[in-house]
Amino acid sequence: MSSRRKALKALTSLPLIGGFLGPSLLSAKVMEETVAKPLARDFFKELGLRTFINAAGTYTSMTGSLMNNEVTSAISYGATEYVNLDELHDKVGERIAELLHCEYATVSSGAFGAMTIGLAGVMCGMDEEKVAQLPDTSGLKDEVIVQEAHDIGYTHALINTGAKIVQVTTTKELEKAINKKTAMLWFLNANTEQGEIKWEEFVALGKKNGIPTFIDCAADVPPVENLYKFTKLGFDLVAFSGGKGIRGPQSAGLLLGRRKLIEAARLHTPPRGTTIARGMKVNKEEVLGMMVALELYLAKDHKKEWALWESQIKLISDSALSVDGVETEIHVPPHANHVPSLRILWDENIVKISKDDMRKQLRDGHPSIETVGNKEAVGITTWMMEPGQERIVAQRVKEILTNA
Ligand SMILES: *Cc1c(COP(=O)(O)O)cnc(C)c1O
């Protein structure tokens, strides 16, 4: 819909203005000036910023993912009306819970924000005095037990509440670490393989001891089933990022799980102002954007998308392999970033360029291409590319390797 028609529609849908005044051209003009609309400005160019083909993945520093038009339309729509923030969160929470067959849900400020408010909810329940007291944890349960192999830094979201992390490695150690100060058990799904205690046992340990369990699944769709799997397995709280595989707003996320705990988590969020999560606001635009991104993600043909990624990866792999001395490996990480991924390797005595220089040449070319990797290999995924960009990447990879 054009912005003028949208403005007219918005006007006529208002009973007072539509009824008494009618959608005069003058008021339509006023509306047009106040509602958000796409502008013909190339902001990144104006700012002197380099845009690029994302052959790397859903990296925070690379601004996560791109949003579908329906998501950006929902965001623009949100900017045109006032609603009550709590009521919006209530309704969207119900809708998401229904879509994901869990008790309750809320749109959080990223997966990181979901962890902070989730733990804060566990620590304070519905007690508003305790809510106002954080990050002072006196008199509260304030220890979170985490497997050492899972503690790769994201636990900072937990200590933001004032809580402490207690690291363990074995089941025995975990049971021994439980005491009357234990608030929660936290699991990092991405590092499932590295930890000794797996999902079912972890959940069972929580249930046996009456302690809530939380699983961080930030980057863990695909597969789409993960959105249901962990609440079904019995985790009390589950977090996903909005701006990774779901392709919603980068600063939004999902907190799923037990109604009682999520209602308690919400007490720490805006509009309430004297809480630790006042700065973890999710505005109405992003709440809607997150909801629509999730709807689109669930409705997607996931098999077809997977087949596309496989064919794109093969195209780039074949292109690299056409250069003498180059080898490739196609792999799928088990939990996080679970998509067809390519590693390009070569003997630097034959192909005379380092992996770092290869990434730099890809970045410095036109168009610029971002990849990942280390001293041994250049890493590529295609899930964050726009269709067709795989051909540009395939060609540039071959060109640089051939010229080396
Ligand atoms: C990305 C990520 C986060 C942070 O998620 P945001 O949505 O950016 O807040 C937390 N945990 C893991 C494992 C992640 O990959």
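In what order do the four strands of the open sheet stand, and in which sense do they pair? In this predicted model, the order is β9-β10-β13-β12, and the pairing is antiparallel. The edge strands are β9 and β12, each of which pairs on one side only.

**The sheet, strand by strand**

Strand β9, formed by residues 326-331, is joined to strand β10, formed by residues 341-346, through six bridges in the antiparallel sense. Within this pairing, I330 has L342 of β10 as its bridge partner. On from there, β10 and strand β13, which holds residues 378-381, run antiparallel and are joined by four bridges, and here S341 has T381 of β13 as its bridge partner. Strand β13 is also linked to β12, by two bridges and again with the strands running antiparallel; in β13, the residue that stands opposite V372 is G379. As a general point, the side chains of a regular strand alternate between the two faces of the sheet.

**A helix that packs against the sheet**

Helix α16 spans residues 355-364, and its buried residues are K355, M358, R359 and L362. These buried residues line one face of the helix, because they fall within an arc of 95° when seen down the axis of α16. In general, an α-helix has 3.6 residues a turn, so residues three or four places apart point the same way. The buried residues of α16 pack against β10, β11 (369-370), β12 (372-373), β13 and α17 (389-403).

**Helix α11**

In helix α11, which runs over residues 199-209, the residues W199, F202, V203, L205 and G206 are buried. Because they cover an arc of only 155° around the axis, they lie on the same side of α11. Among the elements that cover these buried residues are the strands β3 (143-147), β5 (182-188) and β6 (213-216), together with the helices α10 (171-177) and α12 (226-233). Just after α11 comes G210, which takes a positive phi of about 65°.

**The ligand and its surroundings**

The residues that surround the ligand are G110, A111, F112, M115, Y154, L188, D216, A218, S241 and K244. Helix α7, made of residues 110-124, gives the most to this shell, with four residues.

| Residue | Protein atom | Ligand atom | Distance |
|---|---|---|---|
| F112 | backbone N or O | oxygen | 2.9 Å |
| D216 | polar side-chain atom | nitrogen | 2.7 Å |
| S241 | polar side-chain atom | oxygen | 2.7 Å |

On its own the ligand has 380 Å² of accessible area, and the protein covers 84% of it.

**M123 in helix α7**

Helix α7, which contributes to the shell around the ligand, is also the place of M123. Is M123 buried or exposed? M123 counts as buried because its relative accessibility is 7%, and the cut-off for a buried residue is under 20%. Leaving aside its neighbours within four places in sequence, M123 is in contact with L134, T137, L140, K141, D142, T161, A163 and A183. K304 is 181 residues from M123 along the chain, and the C-alpha atoms of these two residues are separated by 43 Å.

Definitions and conventions:
Residues are numbered from 1 along each chain as its sequence is written. This is a predicted model: local features need pLDDT of at least 70, side-chain atom pairs count only at pLDDT 80 or more; totals for chains, interfaces and linings use all residues. Side-chain values use heavy atoms; hydrogens and water are left out. Two strands pair if DSSP finds at least two bridges between them. Buried means under 20% relative accessible area, exposed over 50%, partly exposed in between (1.4 Å probe, protein chains only). The arc is that of the directions from the helix axis to the C-beta atoms. Contact means heavy atoms within 4.5 Å. A residue is near a molecule or strand if one of its heavy atoms lies within 4 Å of it. A polar contact is a pair of N or O atoms within 3.5 Å; within protein, one must be able to donate a hydrogen and the other to accept it, and residues adjacent in sequence count only if both atoms are side-chain atoms. Accessible areas come from the Shrake-Rupley method with a 1.4 Å probe; for residues, only the protein chains shown count as cover.
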